[in-house]
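Please keep the structure open as you read.

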Amino acid sequence: MDMTARSAGRGIGALSKRTGCNIETIRYYERIGLMPPATRSEGGHRLYGEAQSRRLGFIRRTRELGFTLDQVGTLLKLVDGGRYTCAQVKRITVHHLDEVRRKVVDLRKIERALAEMAAQCEGGTVPKCPVIDALLDQAQDAADDPPRSPASPTAFRSRRNP
């Protein structure tokens, strides 16, 4: 699957509409080497063909799945070289999956901490709020103490509301 072949045709605006990728993002991907430099019209406008559209779609989808730019670059180098194995791609994907699973665990901790903070707040109209108090206390604790897990529900508990 050669994703660098150039069959010029559409401009950057049309490519952006077709793929849903912002024009500045396309230019950025070219600058960092994820997209090959576009061919240019006589007037200097970028021109893209089907191969670039497929490549950009690949980049966009991998980014939607949370792959880092480095991981996307590695996958593209494997594809561009034409010598990739499914095992290589699987190794990158499994590593990314492990990262996603760790983030999900952290997000669940954050969810519990935020729910606990919100439950302490009555939503009144007076300028006193347990959520603000908890956040200020947490900021002070962070300045005074060694770091602790920011997602720990007890880390957000206000000193006034134990």
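Let's begin with H1 and helix H2 (residues 23-32), which pack at an angle of about 105 degrees with their axes 9 Å apart. That makes H1 roughly perpendicular to H2, a label for angles of 65 to 115 degrees, while those under 35 count as roughly parallel, those over 145 as roughly antiparallel and the rest as oblique. Axes here are lines fitted to C-alpha atoms, for helices over the stretch in contact, and angles run from 0 to 180 degrees between N-to-C directions. Helices are DSSP runs (H or I, at least four residues) numbered from the N terminus.

This is a predicted model, in which local features need pLDDT of at least 70 and side-chain atom pairs count only at pLDDT 80 or more, whereas totals for chains, interfaces and linings use all residues. Residues are numbered from 1 along each chain as its sequence is written, and side-chain values use heavy atoms, with hydrogens and water left out.

On the H1 side, Ile-12, Gly-13, Leu-15 and Ser-16 meet Ile-23, Ile-26 and Arg-27 of H2, where contact means heavy atoms within 4.5 Å.

H1 (residues 12-19) also packs against H3, at an angle of about 45 degrees. H1 and H3 are therefore oblique to each other. Leu-15, Arg-18 and Thr-19 of H1 make this contact with Glu-50, Ser-53, Leu-56 and Arg-60 of H3.

Helix H3 (residues 50-64) in turn packs with helix H4 (residues 69-81) at about 140 degrees, so this pair is oblique as well. Arg-55, Phe-58, Ile-59, Thr-62 and Arg-63 of H3 meet Leu-69, Val-72, Leu-75, Leu-76 and Asp-80 of H4.

The table sorts the contact residues by class (Ala, Val, Leu, Ile, Met, Phe, Trp, Tyr, Cys and Pro are nonpolar; Asp, Glu, Lys and Arg are charged; the others, Gly among them, are polar).

| Contact | Residues by class |
|---|---|
| H1 with H2 | 4 nonpolar, 2 polar, 1 charged |
| H1 with H3 | 2 nonpolar, 2 polar, 3 charged |
| H3 with H4 | 6 nonpolar, 1 polar, 3 charged |

Finally, which residues line the largest pocket? They are Gln-120, Cys-121, Glu-122, Gly-123, Gly-124, Val-126, Lys-128, Cys-129 and Pro-130. By class, this lining has 4 nonpolar, 3 polar and 2 charged residues. A pocket is an open set of points on a 1 Å grid over the protein atoms alone, where a 1.4 Å probe fits, with protein on both sides within 12 Å along at least five of seven lines; lining residues have an atom within 4 Å of a point.

Definitions and conventions. Helix = DSSP H or I, 4+ residues; strand = E, 2+ residues; numbered from the N terminus.
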